[in-house]
Amino acid sequence: MDLRLMSRLAVVLAAGALVAWLAALFVGLSSGSPTAAVVLRTVLTIVVLVLLTRIVMRRAYGEPGLLGRVAVTAALAYAISPAAWAGRALVAQLFLDPGIATVILDLVLWVAVVVAAGQSADTRTASPTAAPYQLS
């Protein structure tokens, strides 16, 4: 997985999670239940993380160390996600007050979801090798 693909995955995950977060916020708060809004936000964000990871990973080559780079990219995407800055990215807010503990718990869940989606994605088998030049 090259640097360009890693940066694309990080930006796509952060942007997709923000869109899911905002959509769940508008839909969930209209119900009048903050708990429902947090659960809906978590479900939508996880669905977006899985789908976008699988889409972007189709362009990656299945090489050794790929899942480690996916985990680093997931942590970077979490770090640039605005919802994570307040400790309100995923479900940890239901159990603890937003703060450093919710940031860490949500980070662990976020990275686990992205790595699992990256592991289940269909990657390319091997990078193509250039054929030697032949005169006919």
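Analyst: In this predicted model, the axes of helix 1 (residues 3-29) and helix 3 (residues 66-80) come within 8 Å of each other and cross at roughly 40 degrees. The axes are lines fitted to C-alpha atoms over the stretch in contact, with angles running from 0 to 180 degrees between N-to-C directions, and the helices are DSSP runs (H or I, at least four residues; strands are E, at least two) numbered from the N terminus. The crossing of the pair is right-handed, a term for a near helix turned clockwise from the far one by less than a right angle, with anticlockwise being left-handed.

On the helix 1 side, Met6, Leu9, Ala10, Val11, Leu13 and Ala14 meet Arg69, Thr73, Leu76, Ala77 and Ile80 of helix 3, contact meaning heavy atoms within 4.5 Å. Sorted by class, this contact holds nine nonpolar, one polar and one charged residues; Ala, Val, Leu, Ile, Met, Phe, Trp, Tyr, Cys and Pro count as nonpolar, Asp, Glu, Lys and Arg as charged, and the others, Gly among them, as polar.

Helix 3 also packs against helix 5, at an angle of about 140 degrees and with the axes 9 Å apart. These two helices are therefore oblique to each other, and helix 3 passes helix 5 in a right-handed crossing. Among the residues that make the contact are Leu67, Val70 and Ala77 of helix 3, and Trp110, Val114 and Gly118 of helix 5. By class, the contact of helix 3 with helix 5 has 13 nonpolar, three polar and one charged residues.

The largest nonpolar core has 25 residues, of which Leu13, Leu49, Met57, Val70, Ala89, Trp110 and Val114 touch the most other members. Such a core is a set of buried Ala, Val, Leu, Ile, Met, Phe, Trp, Tyr and Cys residues joined through side-chain atoms within 4.5 Å; buried means under 20% relative accessible area, exposed over 50% and partly exposed in between, with a 1.4 Å probe and protein chains only. Two or more residues come from each of helix 1, helix 2 (34-57), helix 3, helix 4 (82-85) and helix 5 (100-120), and helix 1 gives the most, with six residues. Setting aside residues up to four places away in sequence, Leu49 touches Leu13, Trp110, Val113 and Val114.

Leu52, in helix 2, is partly exposed with a relative accessible area of 22%, and beyond residues up to four places away in sequence, Leu52 touches Leu9, Val12, Leu13 and Gly16. Gly118 of helix 5 counts as buried at 3% relative accessibility; apart from neighbours within four places in sequence, Gly118 is in contact with Thr53, Met57 and Leu67. The C-alpha atoms of Leu52 and Gly118 are separated by 9.7 Å, although the two lie 66 residues apart along the chain.

Residues are numbered from 1 along each chain as its sequence is written. Local features need pLDDT of at least 70 and side-chain atom pairs count only at pLDDT 80 or more, while totals for chains, interfaces and linings use all residues, and side-chain values use heavy atoms, leaving out hydrogens and water.

Technical notes:
Parallel < 35°, antiparallel > 145°, perpendicular 65-115°, else oblique.
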